[in-house]
Amino acid sequence: MNITNDWKGCLADEFKKDYMQSLQQFLQSEKQKKTLYPDESEYFNALNATPFSQVKVVILGQDPYHGEGQAHGLSFSVKPGVKIPPSLMNIYKELNMDLGITPVDHGYLLSWAEQGVLLLNSILTVEARKPGSHQNKGWETFTDKIIEMINEKHEGVVFMLWGAYAQKKGRHIDREKHCVLESVHPSPLSAYRGFLGCQHFSKANKYLTRIGKEPIKWALDPIDKKIAVKGIGQITLPF
């Protein structure tokens, strides 16, 4: 298994289970005849960018972007040079309202991940142009395990649960041990019903500071869209 950091030991037993073997067979079959996102080498980018021992914040997404060139393994993030998706635009609007952070012209969130923000989708693959196409194939069980391990073995993690799907997935989080922030999803369909104005980013930093952890630098630096995207390490499908 070529996850490159401490997640490897945490999740080793999951890759031996029947559901993961079924998922492997499904993905191998699908990629022979269909286009899947993200690239196979990027399935576990969220884990490799944010080691288990360093998780301070979890932002839960649902499944990867399904357009060409968008998904690269971090929830809500896109690579440099890719048009910023509408939900991420609303996240930037909230950052501006909450912390006065001027939006950047890219959607590459790796710097958050490197500070301990686990940008985790519930489902780690999708068929091109078919959102939700890999639901109920096994990924949800795998990511439930990730959340369970963070919940049980860490204390003082901020969970940002945006929308009913994320809130349902996080329903077993111990709210005595962790900070759980909930709102509607930042999608244009719902953002104006409570996401904009939720102040989750300042609330997260106030909580982290209060318990003695370094707050997150939410402001993103401008980047040159022409440069090669920084690698996240050896991230190979571990089947």
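Helix 4 and helix 8 are oblique to each other, because their axes cross at roughly 60°, and oblique covers the angles left over when those under 35 degrees count as roughly parallel, those over 145 as roughly antiparallel and those from 65 to 115 as roughly perpendicular. The axes of helix 4 (86-99) and helix 8 (residues 200-210) come within 8 Å. Axes here are lines fitted to C-alpha atoms, for helices over the stretch in contact, with angles running from 0 to 180 degrees between N-to-C directions. Helices (H or I, at least four residues) and strands (E, at least two) are DSSP runs numbered from the N terminus.

The model is a predicted one, in which local features need pLDDT of at least 70 and side-chain atom pairs count only at pLDDT 80 or more, while totals for chains, interfaces and linings use all residues. Residues are numbered from 1 along each chain as its sequence is written, and side-chain values use heavy atoms, with hydrogens and water left out.

Ile91, Glu94, Leu95, Asp98 and Leu99 of helix 4 make the contact with His200, Phe201 and Ser202 of helix 8, where contact means heavy atoms within 4.5 Å. By class, this contact has four nonpolar, two polar and two charged residues; Ala, Val, Leu, Ile, Met, Phe, Trp, Tyr, Cys and Pro count as nonpolar, Asp, Glu, Lys and Arg as charged, and the others, Gly among them, as polar.

A second pair is formed by helix 2 (residues 18-33) and helix 6 (residues 139-153), which pack at an angle of about 130° with their axes 9 Å apart. Helix 2 and helix 6 are therefore oblique to each other as well. The crossing of helix 2 past helix 6 is left-handed, meaning that the near helix is turned anticlockwise from the far one by less than a right angle. From helix 2, Tyr19, Met20, Leu23 and Leu27 meet Trp139, Thr141 and Phe142 of helix 6. This contact of helix 2 with helix 6 comprises six nonpolar, one polar and no charged residues.

On a 1 Å grid over the protein atoms alone, a pocket is an open set of points with protein on both sides within 12 Å along at least five of seven lines, a cavity is a set where a 1.4 Å probe fits but cannot get out, and lining residues have an atom within 4 Å of a point. The second largest pocket holds about 310 Å³ of space, a volume being the space filled by probe spheres set on the points, which are joined across faces, edges and corners. Its lining has 15 residues, of which Asp144, Lys168, Lys169, Gly170 and Arg171 lie nearest the centre. Helix 6 gives the largest share of this lining, six residues. Four nonpolar, four polar and seven charged residues make up the lining of the second largest pocket.

The largest pocket has about 530 Å³ of space. Of its 28 lining residues, Asp63, Tyr65, Phe76, Ser87 and His185 lie nearest the centre. Strand 2 (57-61), helix 4 and helix 7 (164-169) are the elements that give two or more residues to this lining, and helix 7 provides the largest share, three residues. The lining of the largest pocket divides into 14 nonpolar, 13 polar and one charged.
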